[in-house]
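Take a look at the model below.

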Amino acid sequence: MTPNDQRIAIATAMGWTEIEYARNGIFLFGIDPEDGERRGIPKYTEDLNAMHVTERCLSPEQRDSYVAMLWQSGTIADAVLAPAERRAEAFIRTIGKWIGE
């Protein structure tokens, strides 16, 4: 999945609606579920703060699966220090929305 595909998958899971590209084809916009305003969708694959918000939305069972995916590469430090890009992939796989592979 491309980074934008990942952003769309996460945004949809987080309740964003009416997601679309800006005229330049680069920026993604949608309706923010928190206040109903139209704004840019967070760059989940680049923003640890945005990923921390998504992590809080996982059920306890999903959280266990998510952490296990982050931990796959070795140590607990690998999971704790995982970059936003890796967290985004693990989140999407955890919610069953990963496309490919």
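V80 lies in helix α4. Helices (H or I, at least four residues) and strands (E, at least two) are DSSP runs, numbered from the N terminus. V80 counts as exposed because its relative accessibility is 53%. Buried means under 20% relative accessible area, exposed over 50%, and partly exposed in between (1.4 Å probe, protein chains only).

This is a predicted model, where local features need pLDDT of at least 70, side-chain atom pairs count only at pLDDT 80 or more, and totals for chains, interfaces and linings use all residues. Residues are numbered from 1 along each chain as its sequence is written, and side-chain values use heavy atoms, with hydrogens and water left out.

V80 also belongs to a nonpolar surface patch with V67, W71, I76 and L81, and together they have about 490 Å² of accessible area. Such areas come from the Shrake-Rupley method with a 1.4 Å probe; for residues, only the protein chains shown count as cover. Patches are made of residues with over 30% relative accessible area and no salt bridge: like charges are joined within 9 Å, nonpolar side chains (Val, Leu, Ile, Met, Phe, Trp, Tyr) within 5 Å. Helices α3 (60–71) and α4 (76–80) each supply at least two residues of this patch.

Now the charged pairs. A salt bridge is a side-chain nitrogen of Lys or Arg within 4 Å of a carboxyl oxygen of Asp or Glu. The whole structure holds five. Three of them are listed here.

| Pair | Closest N to O distance |
|---|---|
| R38 and E20 | 2.6 Å |
| R39 and D35 | 2.4 Å |

R93 and E89 are four residues apart in helix α5 (residues 84–94), so about one helical turn separates them. D32, D35 and R39 are linked in a network of salt bridges. R39 is partly exposed, at 32% relative accessibility, and D35 is partly exposed too, at 42%.

Strand β1 also contains E18. Phi of E18 is near 50°, a positive value in a residue other than glycine. Most residues other than glycine have a negative phi. E18 is exposed, with a relative accessible area of 57%.

Finally, G15 sits in the loop between α1 (3–13) and β1 (17–21). The C-alpha atoms of G15 and P33 are 5.5 Å apart, although 18 residues separate them along the chain.
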